[in-house]
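Look over the chain below from one end to the other before reading on.

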Amino acid sequence: RLSAGLGLAEWEYALALDQVQAINCYPAIASSISAWNKTLVKQQTGPRLSLNGFCYGKEFDSLRPYVLGDDPRTIGWKRSARGFGLLVRKYRPETHQRVIVAIDCSRKMGCRIGNRSQIEYAADAAATLVHSAHLAGDECGLFAFSHQLLSQIPPERGSRQVNLIMERLCALEIGQLEPDYQLLADWTHMSPRRSLLVLITTATNPASIDGLRLSLAPLTRKHLPLVCAIRDHELDEMQAQAATDLEAAYVISAAVGETTKIADSLKLLSHSGIMTV
């Protein structure tokens, strides 16, 4: 599909293939990234985009007059007490950071949600994150694993790095065994700089989540781990069904108990300094 510079016209072409051919289908993130960014800005800053900016950083930039809705923790009380009015500190957004995207490719990621497997959703999420990090000037890296290492790309910045990661995302394959999170911990530990480690996995087994916590907890001393856990929709469907007989009631009770255990395991991740989504 092609579009004019001002968006006044669009053209679409179709190519008929005479025989079966293998084609790489990249995630369609270019058309949705603008709307996604605008939605995120609106959620974080409300209608005062020009005053508050996109996000908060750690480096002090300047002072500005207080506006209703500002975080009271950013108020500069010393300068305000000198008679300049109520002032708040403005910080520069953090840029040129290091982002490592890790994807769990174990057998449980082959479960389907609708017409797609969980690994496909993970690849789409990783592609969107890498694209956003590239626009912010951050370094991006990729680590794909199951019970063994499948792919690793050390963090770098630039369009060439993004294209390489996209190619690797298209080539992801599902393993047959449970994931070895220690592989990810050892690889991240060798990174000389503090990094944001984003692990995309699925929350289906409390024991697996506990193993994840034991592997990633030591990384919190230097890095910032974030676990994006895909919810088990089969458990949700089991809990939503009607208890028509004793067997159905038992299934519902077992699903509720398993969901509670998963939620407790995710809370332990947060208590260990590992952010979860």
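A residue is called buried when its relative accessible area is under 20%. The model shown here is predicted, and by that cut-off 34% of the 277 residues of its chain count as buried.

Which residues of α4 are buried? They are Q118, I119, A122, A123, A126, A127, V130, H131, S132 and A133. Just after α4 comes G137, with a positive phi of about 80 degrees.

Around this helix, the secondary structure of the chain comes to nine helices and twelve strands. Of the contacts with a separation of 6 or more, 66% are between residues 24 or more positions apart.

Next come the empty spaces. Rolling a probe the size of a water molecule over the atoms shows where empty space is left. A search of the whole structure finds two cavities of 30 Å³ or more. The second largest cavity holds about 50 Å³ of space. Its lining takes at least two residues from each of β10 (196–203), α7 (206–216), β11 and α9. Among the lining residues are K108, Y181, T201, S208, I209 and V227. By class, this cavity lining has eight nonpolar, three polar and one charged residues.

The second largest pocket has about 210 Å³ of space. Which elements each supply at least two residues of its lining? They are β11 (224–231), α8 (233–240) and α9 (246–271). Helix α9 gives the largest share, four residues. The lining of this pocket includes R231, D232, D236, T259 and I262. Seven of the lining residues are nonpolar, two polar and three charged. A203, A229 and L266 line the second largest pocket, and A203, A229 and L266 also line the second largest cavity.

The mean pLDDT of the chain is 82, and 86% of the residues reach 70 or more. Over residues 46–55, pLDDT stays under 50. For residues 46–55 the model has 21 contacts beyond four places in sequence. Where pLDDT is low, the predicted coordinates should not be read in detail.

Definitions and conventions. Residues numbered from 1 in each chain as written. Predicted model: local features only at pLDDT ≥ 70, side-chain atom pairs only at ≥ 80, totals over all residues. Heavy atoms only, no water. 1 Å grid on protein atoms, 1.4 Å probe; cavity = no way out; pocket = protein on both sides within 12 Å on 5 of 7 lines; lining within 4 Å. Points joined across faces, edges and corners; volume = space filled by probe spheres on them. Nonpolar A, V, L, I, M, F, W, Y, C, P; charged D, E, K, R; others polar. Buried < 20%, exposed > 50% of the residue type's maximum accessible area, 1.4 Å probe, protein only. pLDDT = per-residue confidence, 0-100. Contact = heavy atoms within 4.5 Å.
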